[in-house]
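Trainee: I have just been handed this model. Please walk me through it.

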Amino acid sequence: LSRLRRTEPSVRSFIHVADAAAEREAEELDRRIASGEKDAVGPLAGVLVGVKDNLCTANMPSTGGSRILDGYRPAYDATAVRRLREAGAIVVGKTNLDEFGMGSTTEGSAFQVTTNPWDDSRVPGGSSGGSASAVSARQCVVSLGSDTGGSVRQPASFCGVVGLKPTYGRVSRFGLMAYASSLDVVGCFGSSVFDTATILSVVAGHDKMDSTSSSQDVPDYASELVSLDSLESKPLNGVRIGIIQETLGEGVDTGVVSSIKGAASHLERLGSVVEEVSLPSFSLGLPAYYILASSEASSNLSRYDGIRYGRQVSADDLNEVYGESRANGLGHEVKMRILMGTYALSAGYYDAYYKRAQQVRTLVKESFKDALERYDILVSPAAPSAAYKIGEKINDPLAMYAGDIMTVNVNLAGLPALVVPCGFVEGGAAGLPVGLQMIGSPFSEGNLLRVGHIFE
Ligand code: GLN
């Protein structure tokens, strides 16, 4: 807690810090342990977690990074948060994000700009930038984020931490403010694969409050990790790894490419077979993602109408209530997405945009399925560059969207992907971290975490 208090003025990971409440909870825990109730405390007793502010937390502000929810205090915890609390974890605060998850830098928050702990003139990535910077700056042990098109993986890469995007449906979305429901997943950050695996086992599993949550068994992911005693033991013998060719070409920083190639040789030394694989539909994912995500967002965000949710305004009629509350409550990027989505769904354009994007989504899914029949894991960079300067892309939305090229396909296909730090490029005082993305078949989180742990 004292580290959080010391670092927060410069990092600004949290929209809301609950340090006093966390301190009280910790004291209560101490009291229970001292009075012999040791076994009554959960497996995560006393572990400080940060929670992205688009996940509802009972009696704690939950803004989604938007002015329209300023002052909103949900009556309930999101399922993932409830499960962490039941395991004894302490929610130490709500982390900053791009408004409703729409963005890649966390500059799109209505409240504050978060800085990258490796270099405070740079962005932490986004949209879960606060959750990534909080773990990176050791303000909390682990954190929750959400990943619709890369929002866990890209900030993990920018901040040099581990980030996991689970299979669609692995973790309940109940209590997660919907951005694009067919793509959204709750994800986990940790400073190690072990920590990340530990919280995944706690938050994953079926939930009757989310009909898309899977009832597949949840393994104890952390206990299935194997330790690496020596390189000679070739712990990855028999593992087939495909490097996605299309992710190492034009537009990708040379430093990133050499970090990924270095990671590939390391995986080979550990015993795996590494080959290049082509996914011809890879570049189609980005435009399809932005059409689908914006379309779903335009529908999901209609709930912020100034009546059910949102700022209350005094107005003469209903249209004025809607207009006033949305005009003042929503930010520029969110409005742009709503307009794009509404346009893509409108009668005259539906076939040309939405339907076509759905067809591309099927193509992307099939090409991954095909490649994952030949390889256990596909690897790529998590982002085409390391963290860039605050303000650098703020006025160039297309450049910002293009930065999501490595991650969006995985959401279109609903697959799990793990990001682990794998190298550095020049920049900042001591270099800037680069993350390796490992993609697997549905529900292969255990395998990804095992390989990631050995790699680490
Ligand atoms: N940057 C992407 C977007 O703005 C992804 C965001 C996310 O995963 N929430 O849509």
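**Helix pairs, ligand and backbone**

Trainee: Which residues of H8 and H10 meet?

Mentor: On the H8 side they are Tyr290, Ile291, Ser294, Ser295 and Ser298, and in H10 they are Arg337, Ile338, Met340, Gly341, Thr342, Ala344 and Leu345. Contact means heavy atoms within 4.5 Å. This is a predicted model, so local features need pLDDT of at least 70 and side-chain atom pairs 80 or more, while totals for chains, interfaces and linings use all residues. Numbering starts from 1 along each chain as its sequence is written, and side-chain values use heavy atoms, without hydrogens or water.

Trainee: How do H8 and H10 cross?

Mentor: The axes of H8 (residues 285–300) and H10 (residues 332–345) cross at roughly 100° and come within 7 Å. H8 and H10 are therefore roughly perpendicular (65 to 115 degrees). Axes are lines fitted to C-alpha atoms over the stretch in contact, with angles from 0 to 180 degrees between N-to-C directions. Helices are DSSP runs (H or I, at least four residues), as are strands (E, at least two).

Trainee: Where do H3 and H6 touch?

Mentor: H3 (residues 79–86) and H6 (residues 193–203) pack at about 110°, with axes 8 Å apart. Ala80, Arg83 and Leu84 of H3 make the contact with Ile199, Val202 and Val203 of H6.

Trainee: New topic. How many residues surround the ligand?

Mentor: 15 residues surround the ligand (a heavy atom within 4 Å), and the closest are Thr148, Gly149, Ser151, Tyr179 and Tyr289.

Trainee: Which peptide bond is cis?

Mentor: The bond from Gly126 to Ser127 is cis, with omega near 10°. Ser127 lies in the loop between strand S3 (90–95) and helix H4 (129–136). Most peptide bonds are trans, and most residues other than glycine have a negative phi. Asn59 has a positive phi, near 55°, and sits in the loop between strand S2 (48–52) and H3.

Terms used: Angles under 35 degrees count as roughly parallel, over 145 as roughly antiparallel, 65 to 115 as roughly perpendicular and the rest as oblique.
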